[in-house]
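Student: Please take a close look at one part of this model, its nonpolar core, and at what surrounds that part.

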Amino acid sequence: MFKSALGAILGVSILLGFTACTQAPMPQSSPAPATAPAPPVGDPALEALIDAALIDDYAYDKLGELCDTVGHRLIASPGMKRAIVWSQASMLAAGFDSVWTEPALVPHWTRGKEWARCVAPVEFELDMLSMGLSDGTDGQTLEAEVLAVRDWDEFEARADEAQGKIVLFNPPWEGYGTNVQYRVHGASTVAKHGAVACLIRSVTGVSLGAPHTGMMRYADDAPRIPMAALTVEDAGRLHRMCERGLKPRVQLSMEAANHDSTISYNVIGDIRGREKPEEIVLISGHLDSWDVGTCAQDDGAGVVLALAAARQLVQQDLRPRRTVRVVHYTSEEMGGSGGQAYLDAHRHELDQHVMALESDSGSYAPRGFSVDADSLIIADLARMAAPLARIAPEHWRVWPGWAGVDIGFIVREGVTGVGHRVDGTHYFDVHHSRADTFEKVDPTDLARNVAAIAGLTFLIAESPADLGPAPVATLPGGSPSVGGH
Ligand SMILES: [Zn+2]
């Protein structure tokens, strides 16, 4: 981790008038940036690294390869097994010094066949996706009247109407952090009042008729009822029918099933540091995904960005002082057991982790980095990263904020966490839906993001300052994980 005294060593005095945001994964309107004057003289090696990354099409080619030839990467699926092989082969071909896997105990959930339709007072098909970790309908077709509500407050007021019904939450879009709560907690909330199934409006602000999946959780003290997402359009239609007093009835059939936990693997590759090989700069994305689309933005992009950024160092013949470690985490979408496994395996050397970066917000236009650490460390990092601002002129920011689900496990133990940030305007349009495919990634933005991550990685890994080791200390705040980002 960074030593927070570094600011004093380097004569930096940047005051940040706010504390770290530990909730918002995608800051829509960020607080004022931590600005810092650009250094007087550019580092030629850094400038050459950025220039090379900006014109390199390696990342775009690899992302196409991952999406089109490996496909989706649902945990324990054949696609995830292919992806683990692809990841190791890609790291070796990129010239990493060592590549290995580490096991993680992960949930095993399968979707199976599923359908839903409105059968009264008019018949029409509902386009739906089961929520990850939901149980199915036990080989039956479940049929019940729909109780549609706008939000938690309306449900609480009408909870005595839920008995025997399918409860539909159709909240307006207020952002991922708010709307995802219905996905995570909706089923158990309504099951406690006798509902037989739970449907939600997909967790997205924009829809062209595609449902969005994602992880849900069952509470221990509620019956386990099936749960699925409808399209924004179908959820709205059912809700409006209810408001007209038409009492729509819906049939639901889901083969979704939870199986015994199984073993998956984090894939890890190192470029060994030339002076301080024991000190680690970790950059990462998550290799697993949902099972619709080919998951280019979530998180094929992050996987390829970490890989391509480290490879760019090799390509430029740069071997930084510290070890650069790429981690392709498993099982982010189903609760983060890959991140937990990394913590368990590396707890003894966390004080050698100078920084952990995660890219899990897609590859749109770069915006900078959010940093989960104390304010002095954030100020140091903002100053060090200032030469990268040319990658995103007028938009570059380094600000206090949440860093990532997978690295959150070691960040909560005191490692400095860095979230790679991009323009979030359209991420949730495709997130966890069949629309998340390779076409949605812009090659220029992808190359700019490689440049940003490669640049920061080089700056931290090459820094002559004493960035660590420092005693492990849990920072205040921490990084709560919603899971299923
Ligand atoms: Zn993700």
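**The core and the sheet beside it**

Tutor: In this predicted model, the largest nonpolar core has 136 residues, and Val167 and Val450 are those with the most contacts inside it. Helix α13 (residues 443-462) gives the most to this core, with 12 residues. Domain 1 (6-109 + 260-462) and domain 2 (112-255) both give residues to the core, so it lies between them. Another core, of seven residues, lies apart from it, and includes Tyr176, Val180, Val203 and Tyr364. Leaving out residues up to four places away in sequence, valine 167 touches Leu147, Val149, Phe155, Ala162, Val190, Ala195 and Cys198.

Next, the sheet. Eight strands form an open sheet with mixed pairing, in the order β1-β10-β12-β11-β13-β16-β14-β15. Its edge strands, β1 (98-110) and β15, each pair on one side only. From one strand to the next, the twist averages 25 degrees. Strands β11 (residues 276-286) and β13 (residues 353-358) run parallel and are joined by five bridges; leucine 282 stands opposite alanine 356 in β13. Helix α13 packs on the sheet, where it touches β11, β12 (322-329), β13, β14 and β16 (417-422), and its direction makes about 160 degrees with that of β11.

Helix α10 lies across β14 (366-372) and β15, and runs at about 170 degrees to β15. The loop between α10 (375-385) and β15 (397-400) holds alanine 389.

Conventions: Residues numbered from 1 in each chain as written. Predicted model: local features only at pLDDT ≥ 70, side-chain atom pairs only at ≥ 80, totals over all residues. Helix = DSSP H or I, 4+ residues; strand = E, 2+ residues; numbered from the N terminus. Core = buried A, V, L, I, M, F, W, Y, C linked by C-beta atoms within 7 Å. Buried ≥ 20, exposed ≤ 12 C-beta atoms within 10 Å, placed from the backbone. Domains from an automatic or database assignment. Contact = placed C-beta atoms within 7 Å. Pairing = 2+ DSSP bridges. Axes fitted to C-alpha atoms, helices over the stretch in contact; angles between N-to-C directions.
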